[in-house]
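Subject: Structure handover

Hi,

Here is the structure I promised to pass on to you.

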Amino acid sequence: MQINRTGQAKWAGGLKDGKGQISTQSGALKDYPYGFAARFEGVAGTNPEELIGAAHAGCFTMALSLILGEAGLTAESMETTAKVTLESVADGFAITAIHLSLKGRVPGADLAKFTELANKAKAGCPVSKALGAVPITLDVGLA
(Lines give C-alpha, C1' and ligand atoms only; values in the text may rest on other atoms or scores of the structure.)
Protein backbone atom coordinates (compact mmCIF):
# COMPACT_ATOMS: atom_id res chain seq x y z
CA MET A 1 0.00 0.00 0.00
CA GLN A 2 1.25 3.47 -0.86
CA ILE A 3 -0.36 6.70 0.32
CA ASN A 4 0.62 10.10 -1.04
CA ARG A 5 -0.35 13.37 0.63
CA THR A 6 0.57 16.84 -0.55
CA GLY A 7 1.27 20.19 0.96
CA GLN A 8 1.93 23.37 -0.96
CA ALA A 9 3.77 26.59 -0.24
CA LYS A 10 3.58 29.86 -2.17
CA TRP A 11 6.02 32.74 -1.66
CA ALA A 12 6.44 36.25 -3.02
CA GLY A 13 9.17 38.74 -2.14
CA GLY A 14 12.46 38.56 -0.31
CA LEU A 15 13.21 36.63 2.86
CA LYS A 16 12.33 39.30 5.43
CA ASP A 17 9.73 41.30 3.51
CA GLY A 18 8.20 38.37 1.63
CA LYS A 19 4.94 36.66 2.38
CA GLY A 20 3.94 33.07 1.97
CA GLN A 21 0.89 30.86 2.17
CA ILE A 22 0.75 27.18 3.07
CA SER A 23 -2.03 24.83 1.96
CA THR A 24 -2.76 21.16 2.53
CA GLN A 25 -4.41 18.69 0.22
CA SER A 26 -7.23 18.12 2.72
CA GLY A 27 -8.01 21.82 2.95
CA ALA A 28 -7.24 21.92 6.69
CA LEU A 29 -4.90 24.76 5.77
CA LYS A 30 -5.83 26.91 2.79
CA ASP A 31 -3.44 29.73 1.91
CA TYR A 32 -2.56 30.06 5.61
CA PRO A 33 0.04 32.83 6.07
CA TYR A 34 3.63 32.20 6.99
CA GLY A 35 6.78 34.25 6.74
CA PHE A 36 9.97 35.43 8.36
CA ALA A 37 8.22 37.36 11.12
CA ALA A 38 6.04 34.36 12.05
CA ARG A 39 9.07 32.11 12.12
CA PHE A 40 11.62 34.29 13.88
CA GLU A 41 9.78 37.19 15.54
CA GLY A 42 6.64 35.68 17.06
CA VAL A 43 4.21 37.45 14.72
CA ALA A 44 0.88 35.71 13.92
CA GLY A 45 1.07 33.05 11.24
CA THR A 46 2.53 29.59 11.09
CA ASN A 47 6.01 28.26 10.43
CA PRO A 48 7.59 25.00 9.33
CA GLU A 49 8.71 24.03 12.84
CA GLU A 50 5.25 24.17 14.41
CA LEU A 51 3.82 22.24 11.45
CA ILE A 52 6.47 19.55 11.94
CA GLY A 53 5.62 19.53 15.66
CA ALA A 54 1.90 19.11 15.00
CA ALA A 55 2.54 16.35 12.47
CA HIS A 56 4.92 14.55 14.82
CA ALA A 57 2.60 14.81 17.84
CA GLY A 58 -0.32 13.52 15.76
CA CYS A 59 1.58 10.61 14.25
CA PHE A 60 3.15 9.57 17.57
CA THR A 61 -0.17 9.67 19.43
CA MET A 62 -1.93 7.64 16.73
CA ALA A 63 0.91 5.08 16.76
CA LEU A 64 0.64 4.86 20.53
CA SER A 65 -3.11 4.19 20.32
CA LEU A 66 -2.33 1.22 18.05
CA ILE A 67 0.36 -0.09 20.41
CA LEU A 68 -1.93 0.32 23.43
CA GLY A 69 -4.62 -1.67 21.62
CA GLU A 70 -2.15 -4.46 20.86
CA ALA A 71 -1.42 -4.56 24.62
CA GLY A 72 -5.14 -4.79 25.42
CA LEU A 73 -5.36 -1.18 26.61
CA THR A 74 -7.42 1.80 25.47
CA ALA A 75 -6.67 5.40 26.34
CA GLU A 76 -9.46 7.50 27.77
CA SER A 77 -7.37 10.50 26.73
CA MET A 78 -3.89 11.36 25.52
CA GLU A 79 -2.31 14.72 24.78
CA THR A 80 1.09 15.11 23.18
CA THR A 81 3.07 18.30 22.69
CA ALA A 82 6.05 18.25 20.34
CA LYS A 83 8.60 21.01 20.98
CA VAL A 84 10.72 21.50 17.86
CA THR A 85 13.96 23.42 18.46
CA LEU A 86 15.38 25.58 15.65
CA GLU A 87 18.85 26.96 16.30
CA SER A 88 21.52 28.94 14.55
CA VAL A 89 24.42 26.61 13.75
CA ALA A 90 27.70 27.05 11.89
CA ASP A 91 26.18 26.73 8.42
CA GLY A 92 22.82 28.46 9.00
CA PHE A 93 19.81 27.19 10.90
CA ALA A 94 18.90 23.63 11.80
CA ILE A 95 16.31 21.73 13.75
CA THR A 96 18.48 20.41 16.56
CA ALA A 97 15.99 18.62 18.82
CA ILE A 98 12.41 17.47 19.20
CA HIS A 99 10.92 16.82 22.61
CA LEU A 100 7.65 14.93 22.95
CA SER A 101 5.70 15.48 26.15
CA LEU A 102 2.83 13.02 26.68
CA LYS A 103 0.08 13.00 29.28
CA GLY A 104 -2.49 10.24 29.23
CA ARG A 105 -5.27 8.53 31.09
CA VAL A 106 -5.06 4.82 30.36
CA PRO A 107 -7.04 2.47 32.61
CA GLY A 108 -5.01 -0.61 33.50
CA ALA A 109 -1.61 0.93 32.69
CA ASP A 110 0.88 2.05 35.30
CA LEU A 111 3.50 4.66 34.48
CA ALA A 112 6.20 2.07 33.71
CA LYS A 113 4.01 0.22 31.18
CA PHE A 114 2.71 3.44 29.61
CA THR A 115 6.29 4.73 29.25
CA GLU A 116 7.45 1.45 27.70
CA LEU A 117 4.66 1.53 25.12
CA ALA A 118 5.17 5.25 24.44
CA ASN A 119 8.86 4.64 23.72
CA LYS A 120 7.87 1.90 21.30
CA ALA A 121 5.54 4.36 19.54
CA LYS A 122 8.27 7.03 19.44
CA ALA A 123 10.62 4.62 17.71
CA GLY A 124 8.03 3.26 15.30
CA CYS A 125 5.93 6.21 14.21
CA PRO A 126 6.57 7.12 10.56
CA VAL A 127 7.23 10.78 11.33
CA SER A 128 9.79 9.85 14.02
CA LYS A 129 11.50 7.65 11.43
CA ALA A 130 11.52 10.48 8.87
CA LEU A 131 13.04 12.83 11.45
CA GLY A 132 15.68 10.31 12.49
CA ALA A 133 18.57 12.75 11.98
CA VAL A 134 17.24 14.84 14.89
CA PRO A 135 17.49 13.72 18.53
CA ILE A 136 13.98 12.96 19.81
CA THR A 137 13.30 12.81 23.53
CA LEU A 138 10.14 11.88 25.41
CA ASP A 139 8.62 12.41 28.83
CA VAL A 140 5.51 10.57 29.89
CA GLY A 141 2.95 11.18 32.60
CA LEU A 142 -0.37 9.70 33.64
CA ALA A 143 -3.29 11.96 34.42
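Accessible areas here come from the Shrake-Rupley method with a 1.4 Å probe, and for residues only the protein chains shown count as cover. With that method, the chain exposes about 8800 Å², and 56% of this area is supplied by carbon and sulfur atoms.

A word on the source: this is a predicted model, in which local features need pLDDT of at least 70 and side-chain atom pairs count only at pLDDT 80 or more, while totals for chains, interfaces and linings use all residues. Residues are numbered from 1 along each chain as its sequence is written, and side-chain values use heavy atoms, with hydrogens and water left out.

**Overall layout**

The chain has four helices and six strands. Both kinds of element are DSSP runs numbered from the N terminus (helices: H or I, at least four residues; strands: E, at least two). Along the sequence they follow the pattern β-β-β-α-α-β-β-α-α-β. The C-alpha atoms fill a box of roughly 55 × 35 × 30 Å, taken along the principal axes.

Of the 143 residues, 31% count as buried; buried means under 20% relative accessible area, exposed over 50%, and partly exposed in between (1.4 Å probe, protein chains only). For contacts, the criterion is heavy atoms within 4.5 Å. Among contacts between residues at least 6 apart in sequence, 51% join residues at least 24 apart.

Two strands pair if DSSP finds at least two bridges between them. For angles, axes are lines fitted to C-alpha atoms, for helices over the stretch in contact, and the values run from 0 to 180 degrees between N-to-C directions.

Strand β2 (residues 19-24) is joined to β3 by three bridges, and the two run antiparallel. In this part of the chain, G20 stands opposite Y34 in β3. The loop between β2 and β3 contains G27, which counts as partly exposed at 42% relative accessibility. The C-alpha atom of G27 is separated by 28 Å from that of A121, 94 residues apart along the chain.

Another open sheet has three strands in the order β4-β5-β6, with mixed pairing. Its edge strands are β4 (77-89) and β6 (136-142), each pairing on one side only. Here neighbouring strands are turned by 15° against each other on average, direction ignored. Strands β4 and β5 (residues 92-105) run antiparallel and are joined by 13 bridges; T85 stands opposite A97 in β5.

Helix α2 (residues 48-70) packs on this sheet and touches β4, β5 and β6, with its direction at about 145° to that of β4. Helix α3 (residues 111-124) also packs on the sheet, touching β4, β5 and β6, and its direction makes about 150° with that of β6.

**The core**

Which residues touch the most other members of the largest nonpolar core? Among its 25 residues, they are F60, L64 and L102. A nonpolar core is a set of buried Ala, Val, Leu, Ile, Met, Phe, Trp, Tyr and Cys residues joined through side-chain atoms within 4.5 Å. At least two residues of this core come from each of α2, β4, β5, α3 and β6, and the largest share, seven residues, comes from α2.

Not counting residues up to four places away in sequence, L102 touches several partners, among them F60, L64, M78, F114, A118, L138 and V140.

**H56 and the cysteines**

H56 is found in helix α2 and counts as buried at 0% relative accessibility. Leaving aside neighbours within four places in sequence, its contacts include A82, I98, L100, C125 and L131.

The structure holds zero disulfides (a disulfide being a pair of cysteine sulfur atoms within 2.5 Å). For C59, the nearest cysteine sulfur is that of C125, 3.1 Å away. Both cysteines are buried: C59 has a relative accessible area of 16%, and C125 has 0%.

Best wishes
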